[in-house]
Amino acid sequence: MKVSAIITLKKDVLDPQGKVIHQTLDGMGFKDVNEVRQGKYFEIDVKENDPQKAQKIVEEMCNKLLANLVIENYKIIEIQ
Amino acid sequence: MKSAVITFPGSNCDRDMHVALNKFGFKNKMVWHNDNELPKSDLVVLPGGFSYGDYLRCGSMASKSKIMQSVINFAKSGGLVMGICNGFQILVESGLVPGILLRNKYLEFICKNVFVKINNKDNPYFKNLDKEVFELHIAHNEGNYFCTNDQLKEIVDNNQVAIYYCSDNGKTEEKFNPNGSLKNIAGIFNKEKNVLGMMPHPERMIDKSLSGEDGSLFFKNLLNNIK
């Protein structure tokens, strides 16, 4: 199964890259932006045909390596 | 006294640390990240560099290296473990010290001398030093220390802050903070104070003609403290 996960910075963590992207967008003429937050996206192909089991495996990966829960949250967004 | 410096793929301060430790009387051994066991050591050092190309998060891959289980066991049994720069990032990612190091506030790689003030001398690293403010070198892109409010409370309550960024006369104001680090924190201990993580490089300050000698004071004192 292919599992997709996104990792985002927690709300109260400063995101200087997002800030610079916001400023650049503003300079390009995109004036209607309130805020930009940058995150990470993973597509993981696991050798498991049961979607629930596949999700569990990727959640464990997120907890142990892919995300640092001091500053980040993760979310499984698709299993196919 | 025996020490061990771990070399990860992408470490680049490992040999500098080796030279520094030997210069001040340690018998140092270099240890490869893929080894299972640490040699018998009084001090283990995780050096600076860019382990695994800083992929994912700085220090995250190195913290899962084979040797790290042995380093974690050594630290948990009271052994002295010191992480400098990328080594500090590896320590936070392995959970040996709390918090994390984020990208520098102004998105610049910072490479310069800074002053740091020692906050806690009740530990083997800083005990008996008769100086409060040290001039050391920093070179990093992710040195912006961050932790949750609960962690910060615990760190302060247990007196775990090791050093603060400060002025040449020891003022720890925001304007002397090079990277946006929480409360000007440049280095912290674990609860028991046997594990020290810090961004500045003492091993770059061991020669009067090249830099300065505040690193020499640190290493000489460390050796005397653990003799």
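Which residue forms a salt bridge with B:Lys121? B:Glu132 does, with the closest N and O atoms 3.0 Å apart. This is a predicted model, in which local features need pLDDT of at least 70, side-chain atom pairs count only at pLDDT 80 or more, and totals for chains, interfaces and linings use all residues. Residues are numbered from 1 along each chain as its sequence is written, chains are lettered from A and ligands numbered from 1 in the order in which they are written, and side-chain values use heavy atoms, with hydrogens and water left out.

**Confidence**
- Chain A has a mean pLDDT of 96 (pLDDT is the predictor's confidence in each residue, from 0 to 100).
- In chain A, 100% of residues reach 70 or more.
- Among the elements of chain A, helix 1 (residues 16–27) has the lowest mean pLDDT, 93. Strand 2 (residues 40–45) has the highest, 98.
- Helices (H or I, at least four residues) and strands (E, at least two) are DSSP runs, numbered from the N terminus.

**Salt bridges**
- The whole structure holds ten salt bridges over all chains. The term means a side-chain nitrogen of Lys or Arg within 4 Å of a carboxyl oxygen of Asp or Glu.
- A:Glu72 pairs with A:Lys40 in a salt bridge, closest N and O atoms 3.5 Å apart. A:Glu72 lies in strand 3 (residues 72–79) of chain A and A:Lys40 in strand 2, so the pair ties together parts 32 residues apart in sequence.
- A:Glu72 is buried at 6% relative accessible area, while A:Lys40 is partly exposed at 27%. Buried means under 20% relative accessible area, exposed over 50%, and partly exposed in between (1.4 Å probe, protein chains only).
- B:Arg57 and B:Glu93 meet through their side chains in a salt bridge of 2.8 Å, N to O. B:Arg57 sits in the loop between strand 3 (43–46) and helix 2 (66–76) of chain B, and B:Glu93 in helix 3 (residues 86–94) of chain B, 36 residues apart.
- Both B:Arg57 and B:Glu93 are buried.
- A network of salt bridges links A:Lys40, A:Glu72, B:Arg57 and B:Glu93.
- B:Lys121 is partly exposed at 24%, and B:Glu132 is partly exposed at 41%.

**Around B:Asn190**
- B:Asn190 is in the loop between strand 10 (185–189) and strand 11 (195–198) of chain B. The residue is buried, with a relative accessible area of 7%.
- Not counting residues up to four places away in sequence, B:Asn190 touches B:Leu96, B:Val97, B:Gln160 and B:Val195 (contact means heavy atoms within 4.5 Å).
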